[in-house]
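Biologist: I would like to learn how to read a helix, a sheet and a chain contact from coordinates. Please take me through one case at a time.

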Amino acid sequence: MTKLRDVCRHIRSKNAGPFWITVDLFFDGGETYARHADDPAIGPDAVAVLFGVDPTQVKRFRIDDLNVVKLSYPRARPQGGAFERDMHGGQQYVPLLDIDLGG
Amino acid sequence: MTRANETRILVPVGALGAGVRADEVEAGLALSPHAIALDAGSTDSGPAYLASGKSKYSRAAVKRDLTVLMAARAKAGIPLLIGSCGTSGCDMALDWTLETVLEVAREQGGRPRIAVLYSEQDKSVLRAKAAAGAVKPLAPMGPLEEEALDACSHIVALLGPEPYIAALDGGADIVLGGRTTDTAVLAAAALRRGGHAGAAWHAAKTAECGGQCTLNPTYPGVMVSVDSEGFSIAPLSTANRCTPQTVSAHMLYENADPFRLTEPGGLLDVADARYAAVDERTVRVTGSRWEPAPYTLKLEGAGAGPFQTMMLVGIEDPAVLADVDAFVGRMQHALERRLARTLAHEVAATIDISLRPYGWNAVSGRPPPQGAAPPREIGLMFVATAPTQALATEAAKICNPFFFHLPAGEGMEMPSYAFPFSPAEIERGQVFAFHLNHVVSVESPFELMRTRWVESAIGADHD
């Protein structure tokens, strides 16, 4: 099985405003990007399950020129508040690293 | 290469107070910019700054950057535009920045004419707007509720470029903006001079974090040049470079949608933008589009909630680390039982106790993978959340003996875990939260803002 971390040169997450998290998957080349960009394992439904959000609100973008897949999803709770654990959303990408990709 | 009708904007750093470099600004001035523009705020660091009105950056750091930038502005005779002053851009944060600007002006002996653009919102005005159907939620938020307005201590509307353009038309040397979209303050000077709208907005979006769009973001400054067809961007430092990839990749950063960006009065669409290297350090961008739309202002609102008191212990005891989840579960149960037995039921019910084992799963809060090896140590954080600071601290003190001494298992001898501080409890203050994610429709870009003119030389001001 190919893990997402094995075909990306960089994976990061960050707040996109107080109500959204955005994740950027920088694939390590055009070939791996072409093979995996549309993999359901990194599709809206899979991401929704992973982060406990509504799949209809998960957005996926292909940025072909950069070999990047971008995933954006609403935070379960707005940034801040009494139960915040990751104020800037900077560690939210970690559960994606070990996702098994098809192909 | 200078193109016809070019507007050059020197963006010295991604945020005022983050540290401009005087040598970079000097190098930028040699290229004859038409304006210096930068942003001073963001919601990125959380709701505390808007809810409290206090700046994220220290006054000394902000003053130091202002000293460099105001001297450069005076020397070049060009305007200085600063958006989202004091982090949140609320009135209190804007006035705090203005005071610092006036102090620097006095020290430098200058007489800048200052326009101050206020964008804090009155709740009664927003209630009327909402009643008229002019306030709409942005996903994932629902319609504006009265409780959400009540919960906010400060509400700001994100200004567009028009108030900056009007301030420049009015002869402002320095424009200090309340909350503004990051892009609007950087796009204003180019839009005023008739630059290509798509290029001006896209250039502004690219430069809003300063050197973030370059190969080496430790060099904070960039120069954007907007003309009638596109824009070019290069770092201020000759030791740094922009490449087509670093520039196009910046549209990904902190953006939910990498192609389309909603702004006051329109939408920036970069789906067909083309990025080309002009030389080793400069990138040319064309094909950015601006689609005008009915004018809306985004609202941000935050307020203070309950109070927290925390404690931290370090644990290296192998018996605890062999099953951290079980230990934390038993600890949670023991602390809640202790609170229930010590306080009246209705008081205990208002307190939340959260245990977060750093070194195990505190960051995510999710169960670690099956079979994960025991950590070498954990820092166990205790957070009591309660309606008052006194009660949160009372809860911490009540829990202290158990938090300090709970054995790893039944019948084991009483351990003492490693407190780093005395007293063990730390009063963390209030919890802050964002409550608004809405846009309000306006008749004009000026409807929900006020401009104040300040003549720094004589200390007088007028509306």
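Modeller: Start with a helix in chain B. In H3(B), the buried residues are B:Val62, B:Asp65, B:Leu66, B:Leu69, B:Met70, B:Ala72 and B:Arg73. Seen down the axis of H3(B), these buried residues fall within an arc of 160 degrees, so they line one face of the helix. The arc is that of the directions from the helix axis to the C-beta atoms. A residue is buried if 20 or more other C-beta atoms lie within 10 Å of its own, exposed if 12 or fewer, and partly exposed in between, with C-beta atoms placed from the backbone.

Biologist: What should I know about the model and its numbering?

Modeller: This is a predicted model, in which local features need pLDDT of at least 70 and side-chain atom pairs count only at pLDDT 80 or more, while totals for chains, interfaces and linings use all residues. Residues are numbered from 1 along each chain as its sequence is written, and chains are lettered from A and ligands numbered from 1 in the order in which they are written.

Biologist: Which exposed residues does the face of H3(B) turned away from its buried side carry?

Modeller: B:Ala60 and B:Lys75. The cover over the buried residues of H3(B) includes helix H1 (22-29), strand E2 (35-41), strand E3 (80-87) and helix H4 (91-108) of chain B. Helices (H or I, at least four residues) and strands (E, at least two) are DSSP runs, numbered from the N terminus.

Biologist: How many residues does H3(B) have, and what is its reach from first C-alpha to last?

Modeller: H3 (residues 59-76) of chain B has 18 residues and reaches 25 Å, close to the 26 Å expected at 1.5 Å a residue. That expected span is 1.5 Å times one less than the number of residues. Just after H3(B), B:Gly77 has a positive phi of about 70 degrees.

Biologist: Which residues are buried in helix H7 of chain B?

Modeller: In H7 (residues 162-169) of chain B, they are B:Pro163, B:Tyr164, B:Ala167 and B:Leu168. Their arc around the axis is only 140 degrees, which puts them on the same side of H7(B). B:Gly171 follows H7(B) and has a positive phi, near 90 degrees.

Biologist: How many residues of helix H9 of chain B are buried?

Modeller: Eleven of the eleven residues of H9 (residues 197-207) of chain B are buried, so this helix is largely enclosed by the rest of the structure. Among them are B:Trp201, B:His202 and B:Lys205.

Biologist: How do I read a sheet?

Modeller: Strands of a sheet pair through backbone hydrogen bonds, either parallel or antiparallel. Here two strands pair if DSSP finds at least two bridges between them. In chain A, four strands form an open sheet in the order E2-E3-E5-E4, with antiparallel pairing. Strand E2 (8-15) and strand E4 (59-63) of chain A stand at the edges with a single partner strand each, so one side of each has no neighbour in the sheet. Seven bridges join E2(A) to strand E3 (residues 20-27) of chain A. In this chain, A:Ile11 stands opposite A:Leu25 in E3(A).

Biologist: How many residues does each chain bring to the contact?

Modeller: Chain B brings 29 residues and chain A brings 30 residues; two residues are in contact if their C-beta atoms, placed from the backbone, lie within 7 Å. On the side of chain B that touches chain A, E18(B) gives the most, with four residues.

Biologist: And chain B as a whole?

Modeller: Chain B has 14 helices and 21 strands. Of its 463 residues, 51% count as buried.
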